[in-house]
Amino acid sequence: VQLQASGGGLVQPGGSLRLSCTASRGTFSNYFAGWFRHTPGKEREFVAAINWRLGIPYYADSVKGRFTVSGDAAKNTLYLQMNSLKPEDTAVYYCGATGSYYGDYTTYTYWGQGTQVTVSS
């Protein structure tokens, strides 16, 4: 499976962005598909994930109520709608596929290349 992430950019605090992650040469299948983020000096952090087969979403407490994860099986694409963005959301965001546990990045097999999100005025 190859993953292509897009949608990052520079946005002011309070703004919105939508990240996309499209799978090719395979699908998200029946596992977890998720978003993680990384900032220098920190470990990769869980943001949100979805059970691809059941459509059940999971969120980190820090983004609950602001971010929405979703998937479109017909387009083989994972989304992350990010609203009310804060400076602390600044990071490189990675999409992952075929995770066996939604919140543990070590269980994900495939990764996108990462997309930078910068929240700053």
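Me: What makes Asn76 count as buried or exposed?

Reply: Asn76 has a relative accessible area of 14%. Buried means under 20%, so Asn76 is buried. The model is a predicted one, and this value is computed from it.

Me: Where is Asn76 found, and what is its phi?

Reply: Asn76 is found in the loop between S7 and S8. Its phi is positive, about 55°, although Asn76 is not a glycine. Most residues other than glycine have a negative phi.

Me: What is the phi of Ser84, and is Ser84 buried, partly exposed or exposed?

Reply: Phi of Ser84 is near 50°, again a positive value in a residue other than glycine. Ser84 sits in the loop between S8 and S9. Its relative accessible area is 42%.

Me: How do you know which cysteines form a disulfide?

Reply: The sulfur atoms of Cys21 and Cys95 are 2.1 Å apart. The cut-off is 2.5 Å, so the pair is a disulfide. The count comes to one disulfide. Cys21 belongs to strand S3 (residues 17-24) and Cys95 to strand S9 (residues 91-99), so the pair links distant parts of the chain, 74 residues apart.

Me: What is the handedness of the link between Cys21 and Cys95?

Reply: The link is right-handed, with 65° about the S-S bond.

Me: Why are Cys21 and Cys95 called buried?

Reply: Cys21 has a relative accessible area of 0%. Cys95 is also at 0%. Buried means under 20%, so Cys21 is buried and so is Cys95.

Me: Which residues touch the most other members of the largest nonpolar core?

Reply: Phe28, Trp35, Leu78, Leu80, Met82 and Tyr93 do, in a core of 33 residues. Among the elements that give two or more residues to this core are strand S1 (2-6), S3, strand S4 (32-38) and strand S11 (115-119). S5 gives the most, with five residues. In soluble globular proteins, nonpolar side chains tend to be buried together.

Me: What is Leu80 in contact with, beyond its neighbours within four places in sequence?

Reply: Leu80 is in contact with residues including Leu17, Trp35, Val47, Phe67, Val69 and Tyr93.

Me: Why is Leu17 called buried?

Reply: Leu17 has a relative accessible area of 15%. The limit for buried is under 20%, so Leu17 is buried. Leu17 is found in strand S3. Leaving aside neighbours within four places in sequence, its contacts include Gly7, Val11, Leu80, Met82 and Val117. Leu17 and Gly7 are ten residues apart in sequence and 7.0 Å apart in space, C-alpha to C-alpha.

Me: What makes the pair of Phe28 and Trp52 tilted?

Reply: A search of the whole structure finds eleven aromatic pairs. Phe28 and Trp52 lie 4.5 Å centre to centre, with 35° between the planes. Stacked needs under 30 degrees and edge-to-face over 60, so this pair is tilted. Phe28 lies in the loop between S3 and S4 and Trp52 in the loop between S5 and strand S6 (56-59), so the pair ties together parts 24 residues apart in sequence. Phe28 and Trp52 are buried.

Me: Why is the pair of Phe36 and Trp111 called edge-to-face?

Reply: The angle between the planes is 75°. Edge-to-face means over 60 degrees, so the term applies to Phe36 and Trp111. Their centres are 5.5 Å apart. Phe36 lies in strand S4 and Trp111 in strand S10 (residues 110-111), so the pair ties together parts 75 residues apart in sequence. Phe36 is buried at 0% relative accessible area, whereas Trp111 is partly exposed at 26%.

Me: How do you know that the size of the chain agrees with a compact globule?

Reply: With 121 residues, a compact globule would have a radius of gyration near 14 Å. The chain has 13 Å, which agrees. The C-alpha trace spans about 40 × 30 × 25 Å along its principal axes.

Me: How many helices and strands are there?

Reply: The chain has zero helices and eleven strands.

Notes: Residues are numbered from 1 along each chain as its sequence is written. This is a predicted model: local features need pLDDT of at least 70, side-chain atom pairs count only at pLDDT 80 or more; totals for chains, interfaces and linings use all residues. Side-chain values use heavy atoms; hydrogens and water are left out. Helices (H or I, at least four residues) and strands (E, at least two) are DSSP runs, numbered from the N terminus. Buried means under 20% relative accessible area, exposed over 50%, partly exposed in between (1.4 Å probe, protein chains only). A nonpolar core is a set of buried Ala, Val, Leu, Ile, Met, Phe, Trp, Tyr and Cys residues joined through side-chain atoms within 4.5 Å. Contact means heavy atoms within 4.5 Å. The radius of gyration is taken over C-alpha atoms; the globule rule is 2.2 Å times the number of residues to the power 0.38. Rings of Phe, Tyr and Trp (its six-membered ring) pair if their centres lie within 6.5 Å; planes under 30 degrees apart count as stacked, over 60 as edge-to-face and the rest as tilted.
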